[in-house]
Amino acid sequence: MADALGLLARHGDDAAIVAGGQSLLPILNFRLAAPELLIDIGRLDDLKQITEGDDYIEIGALLRHCDLADSPLIGRDLPLLHQAINHIAHPAVRHRGTIGGSLAMADPAAELGACCLALDGAFSLLSGREQRWVAASDFFKGVYETALQPDEILTAIRIPKPVRNSISVFEEIARRRGDFAMAGLALVAAPNSLRIALLGVADRPVLAGQTMALLSANPTAVDAAMEMIATEIEPPDDPAYPPAYRRHLVQVLLRRALSRLPQ
Amino acid sequence: MTAKHWRIALTVNGEAIAREVPVRLNLVDFLRHDLGFTGSHVGCEQGACGACTIVMDGETVRGCLVLAVQADGCAIETIEGGVDDDLRQMFHTLNALQCGFCTPGMLLSAAELLRANPDPSRDDIRDYLSGNFCRCTGYQAIVDAVETVAKARRS
Amino acid sequence: MSIGAEVPRDRAKRLLTGRGRFVDDIQLPRMLHLAFVRSPYAHARIEAIDTAGAISMPGVIAVYTAKELEDAVSSWRPEHKLFPTMAAPEQHALAKETARWQGEAVAAVVAESRAQAEDAAEHVAVTWHELPAVTDAKAALATDAAVLHDDMTTNLAFSTEIVTGDVALAFRDAAHVVEEHFRFNRHSGVSLEPRGIIAEFEPGENRLTVHQSHQTPHQQQDLYARLLALPEHKVRVICPDVGGAFGLKHHLMADELVACVAARLLCRPVKYIADRLESFLSDIHCRDHEVHARMAFSAAGKILGIEVDDLFNAGAYGQYPRTSIAEGNQITRLTGAPYGHEHYRAGLRMAFLNKSILGHIRSVGHPIACAVAERLLDMGAADFGLDPIEVRRMNYLSDDDFPRTSAGGVEFESLSFNGCLDKALQMIDVPGFRETQTALGQQGIYRGIGIATFVELTAIGPEYYGEGGQHISAQETCLLRLEGSGTVRCYTGVTDQGQGIDTGIQQVVAGVMGLPLADVEVISGDSALCPVGGGSWGSRGAALGGEAALGAARTLRGNILNIAASLLQKEPNDLSIEQGVVIDAASGSRHMAVSEIGRIGHFQPYTIPDGVSADLTVVERYGSRDRMFLAGNGLQIAVVEVDVDSGIVTPLRHLVVHDCGRILNPLLVREQVRGGVVQGIGAALYEELRYDEDGHLMTGSFADYLVPMAGEMPDIEVAHLETPTKTSELGAKGAGEAGTAGAVGAVLNAVNDAIAPFKASIAETPITPPRLLRALGKI
């Protein structure tokens with residue numbers, strides 16, 4: 001790790017970190033980027049642990065999608081992640097792709113970013129200078145843009161254990177199995193709180209803050225929430241899936257998600 | 001330590017191999033062009049088509065989404081190393097391939113499914129193979145072949 | 001008799017062990033690699049190209065622009081003598097002064113490795129002057145449109161009209177008229193193996209040897225010889241294992257031609273393999289048609305007349321050597337082909353515009369012709385409350401209508417529309433489906449059923465390309481060689497891209513000759529070894545190559561029996577061959593093995609009296625006479641579920657009843673039909689080459705261009721009727737178009753059936769979720 005941080009400090013933007021490589025390799029193969037230096041952190045075993053604290057679970061950044069899917073601890077305490085991982089690509093990609101890699105790539109349609117937002121997670125960013133925690137809600141800055149500084153590595157994700165009796169719902173709408181979704185929704189409902197994160201409908205995964213506030217205050221205000229969730233997002237100007245379509249989809253997703261909650 | 005080339009040692013289909021490779025070389029190109037294991041194919045270079053599917057330390061991966069240097073110390077298996085004979089035979093019997101370009105990836109993925117789930121439904125099979133593009137068949141003969149092998153193994 | 005048996009393919013065993021030999025698997029000593037500099041603009045003048053930066057890069061051997069290739073390779077014009085007024089603009093191996101689509105190659109870099117060639121290509125500096133791009137056929141034909149080609153005054157490539165009967169009168173007398181404007185967006189064949197070539201040139205012998213992933217080795221031999229000014233017998237084109245083709249590998253591609261030129265100039269082998277982005281940018285594309293159509297009905301529901309107007313485009317140039325006209329031509333010929341109307345008018349306009357060249361991909365024109373007529377028929381049926389099945393039954397050409405020339409001018413020998421429908425209705429319980437549909441509709445689950453009847457045109461005759469001036473053989477020749485050991489080598493001009501025609505021909509030869517299947521090997525895909533033939537496209541292999549093989553097998557069998565008869569002092573007619581043994585025809589008693597004939601015929605020929613026809617290498621040819629096509633037919637039924645909230649369509653069930661005449665091998669035909677259906681479902685629901693208004697391709701990867709995958713595809717039930725053609729002894733018609741021909745129409749009708757409760761309809765493919773929700777008025 002010290003070596004990696006040292007190289008990163010020296011080379012900064014000219015270097016690229018490769019973990020599982022499932023996001024970086026297509027970029028390299030297509031010659032969309034040609035970093036001077038690749039720093040392979042894939043064998044830093046310290047980043048492959050899931051640790052349980054009293055009120056949180058910490059997931060090492062190098063945990064692969066398949067590791068998370070196989071983890072009974074994640075299944076018990078963070079079922080949202082289990083639901084979401086089934087939608088990520090295909091088995092051969094889940095065998096290599098890591099949670100840290102996915103989050104650091106910050107594809108606006110990626111499942112795990114929205115999940116971390118819904119779960120109110122925080123990310124450990126480590127450099128030769130410092131280690132700092134950044135809330136998921138502060139981490140995503142735009143399409144493929146994050147709070148990571150050129151000399152920082154995302155090392156862990158810390159997620160508060162949801163309170164007892166909380167319910168997690170993950171829903172997405174994709175045209176084929178394993179595709180990046182046209183829109184998706186991660187919802188965590190606890191007795192006194194409701195968090196809703198959306199993917200694929202903005203330049204980054206976003207919390208539907210106004211809708212959350214509305215439904216937290218008045219859980220039966222479903223119609224108003226439908227209205228609100230469609231207007232509080234700013235979908236990308238994509239001719240294949242125009243903003244009106246994605247606004248419609250988040251309504252569909254919210255209705256589906258709410259229907260999965262006990263009445 | 002940084003360099004444009006890197007010396008790696010790995011096993012491919014059980015055979016120990018050591019080579020110096022450019023860092024930017026991906027694993028499937030290394031297997032195909034440097035080692036001559038041309039059974040794995042390249043169809044998209046972005047992990048979408050599954051033609052380059054190989055087995056790395058016991059798990060299927062996309063050969064185009066792994067750098068050769070990342071395979072240092074790993075055990076790689078390609079279609080040339082063999083795949084469950086009953087599965088291969090059933091692909092032949094039921095004509096579960098036409099041009100054969102997707103077939104190595106399809107076989108390795110199907111073999112992995114049957115290891116994890118000896119009793120898959122047709123939908124389970126379609127789901128597990130949903131990252132392997134076949135342009136020739138209607139997928140049905142492939143699903144039939146996997147399903148038939150699963151049933152035969154259970155009986 | 002091995003003809004008609006469900007025999008798995010020999011070649012498949014090799015492919016299953018990873019021992020395929022695709023072009024990119026071949027490495028030759030001192031082989032070089034090619035990468036292209038492509039136009040980033042849809043339409044731009046090339047002001048200057050500076051190659052100095054590239055030529056000094058590591059590993060670079062040569063950098064070419066159009067100027068360097070001027071004397072080394074000819075340009076070409078896609079002309080067709082059946083369509084003499086069609087514009088045929090000149091195309092060069094590398095764009096000369098103007099690039100006319102995004103992705104057109106303007107410079108080529110040859111280097112020691114592909115990576116080095118790509119590195120250097122990034123250092124070729126092109127000074128561009130961007131020109132206005134035309135990206136839509138209607139806009140291309142507008143009076144103020146930018147004109148693509150210097151020797152033309154408009155972008156109109158061709159227009160024509162077919163008129164049969166008095167269509168105006170039919171519409172005037174009609175009790176009902178339905179009308180729809182359709183849009184079938186652009187897609188392509190998308191073989192999993194991209195295009196690829198290795199060209200090597202031997203200067204001492206003036207010999208060009210090409211390994212190419214291609215469907216037509218002899219066509220390529222002719223083209224490379226003419227364009228490179230080489231004697232044709234010094235050009236050899238070998239098609240090794242081909243990883244899917246579907247029509248996109250039966251043309252001249254400028255990229256591959258550059259590889260041949262480079263190999264000749266450098267006298268070293270040159271490999272070029274298209275990557276996926278290059279494939280999407282510069283492969284031959286298909287469809288991209290806007291069709292306006294009307295159908296006139298009598299009060300009873302009889303079709304009185306059909307009017308069709310097809311507006312489409314050839315892309316930037318027109319494909320060579322076949323031209324780009326066929327898709328529009330098939331649409332104008334085939335729309336409504338299964339029905340008995342007498343009045344018909346079909347207009348066609350083809351434009352040039354700034355996209356990749358449009359050409360012949362599987363089932364050329366068929367899916368559009370089928371979808372248009374079948375949708376209009378459903379619309380008509382709905383209008384006057386007739387069941388879609390009954391309205392078809394009422395209008396089908398019936399068995400005693402044949403032979404017949406259709407209103408579109410296509411000759412039908414004998415088709416089985418009613419028989420196919422009867423069979424289909426045994427396979428699916430339509431009234432039961434309707435009950436379920438209604439019940440589920442009340443729960444907000446919307447399912448639909450769609451029927452599409454199609455005609456499948458196969459095995460084109462020499463009247464089209466021969467007459468058109470192309471050097472493309474419609475005749476097939478088969479050479480059989482009995483080896484000394486009594487086994488047989490069969491050399492054919494048709495090629496195998498996975499469909500299994502090698503096995504079909506093997507079955508014909510073994511079956512006719514009375515040999516075990518294993519004693520026959522088929523050799524194809526080599527322009528030097530195999531008799532001149534047309535390759536495999538347009539579903540011609542079984543009908544033409546199969547018939548030629550039958551003739552050759554019969555001749556060789558005859559010669560074997562002649563030799564046996566002379567040795568046994570019997571009459572040849574009293575003998576037969578079974579399982580490789582010459583037997584007494586009447587009693588079945590065993591005389592001698594064919595291996596004995598091989599040994600004696602080759603090594604002890606003196607034992608055979610003079611005058612006995614005893615050739616053990618025989619050649620027979622088969623070419624159809626006086627017919628443009630062999631027509632087959634069938635129908636498909638699709639069942640889908642439409643999620644009216646998300647707009648996603650899920651195919652639930654699909655069935656095909658198909659009549660392609662005599663079937664050589666049902667195992668192979670069934671899955672080929674299914675593969676065609678899946679490509680049709682792809683066109684109906686997923687696949688689209690989408691360009692922005694500046695002509696930039698928006699779907700250049702598998703993340704954006706969606707192909708059908710296993711997870712979304714339904715099981716597909718396939719049944720066959722067999723109405724053999726009487727024009728050949730074998731009786732086989734082609735089978736490769738059927739799946740794709742009918743699937744688009746069936747799915748389109750099924751989706752429209754599902755959304756009928758909303759009084760909504762859709763007439764654009766692919767039926768993407770946003771398009772469907774717009775049709776439903778939800779966004």
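Two residues count as being in contact here if their C-beta atoms, placed from the backbone, lie within 7 Å. Keep that in mind for the views below, and remember that this is a predicted model.

**View 1. Domain 2 of chain C meets domain 3 of chain C.** On one side of this meeting place are 18 residues of domain 2 of chain C, and on the other are 16 residues of domain 3 of chain C. What kinds of residues does domain 2 of chain C bring to its side? By class, there are nine nonpolar, six polar and three charged residues. To find the pieces along chain C, look for domain 2 at 285-462 + 626-775 and domain 3 at 475-622; domain 1 takes in 11-131 + 191-245 + 249-282.

**View 2. Chain C as a whole.** Count the secondary structure of chain C and you get 21 helices and 31 strands. Chain C has a radius of gyration of 27 Å, close to the 28 Å that the globule rule gives for 779 residues, so it is as compact as a globular protein of that length. Its C-alpha trace spans about 85 × 70 × 45 Å along the principal axes.

**View 3. Chain C touches chain A.** Here 15 residues from chain C come up against 14 residues from chain A. Which helix gives the largest share of chain C's side? That is helix H21 (residues 769-775) of chain C, with three residues. Sorted by class, chain C's side of the contact with chain A has eight nonpolar, two polar and five charged residues.

**View 4. Two helices of chain A cross.** The axes of helix H11 (residues 222-231) and helix H12 (residues 243-259) of chain A come within 8 Å and cross at roughly 145 degrees. This crossing of H11(A) and H12(A) is right-handed. From H11(A), look for Val222(A), Ala225(A), Met226(A), Ile229(A) and Ala230(A); they meet residues of H12(A) that include Val250(A), Leu254(A) and Leu258(A). By class, the contact of H11(A) with H12(A) has eight nonpolar, one polar and two charged residues.

**View 5. An open sheet of three strands in chain C.** Read across the sheet and the order is S4-S2-S6 (chain C), with antiparallel pairing. Which strands sit at the edges? They are strand S4 (98-99) and strand S6 (125-130) of chain C, each pairing on one side only. Two bridges join strand S2 (residues 44-50) of chain C to S4(C). In one of the pairs to look for, Ala44(C) has Ala99(C) in S4(C) as its bridge partner.

How values were computed
Residues are numbered from 1 along each chain as its sequence is written. Chains are lettered from A and ligands numbered from 1 in the order in which they are written. This is a predicted model: local features need pLDDT of at least 70, side-chain atom pairs count only at pLDDT 80 or more; totals for chains, interfaces and linings use all residues. Helices (H or I, at least four residues) and strands (E, at least two) are DSSP runs, numbered from the N terminus. Ala, Val, Leu, Ile, Met, Phe, Trp, Tyr, Cys and Pro count as nonpolar, Asp, Glu, Lys and Arg as charged, and the others, Gly among them, as polar. Domain bounds come from an automatic or database domain assignment. Axes are lines fitted to C-alpha atoms, for helices over the stretch in contact, and angles run from 0 to 180 degrees between N-to-C directions. A crossing is left-handed if the near helix is turned anticlockwise from the far one by less than a right angle, and right-handed if clockwise. Two strands pair if DSSP finds at least two bridges between them. The radius of gyration is taken over C-alpha atoms; the globule rule is 2.2 Å times the number of residues to the power 0.38.
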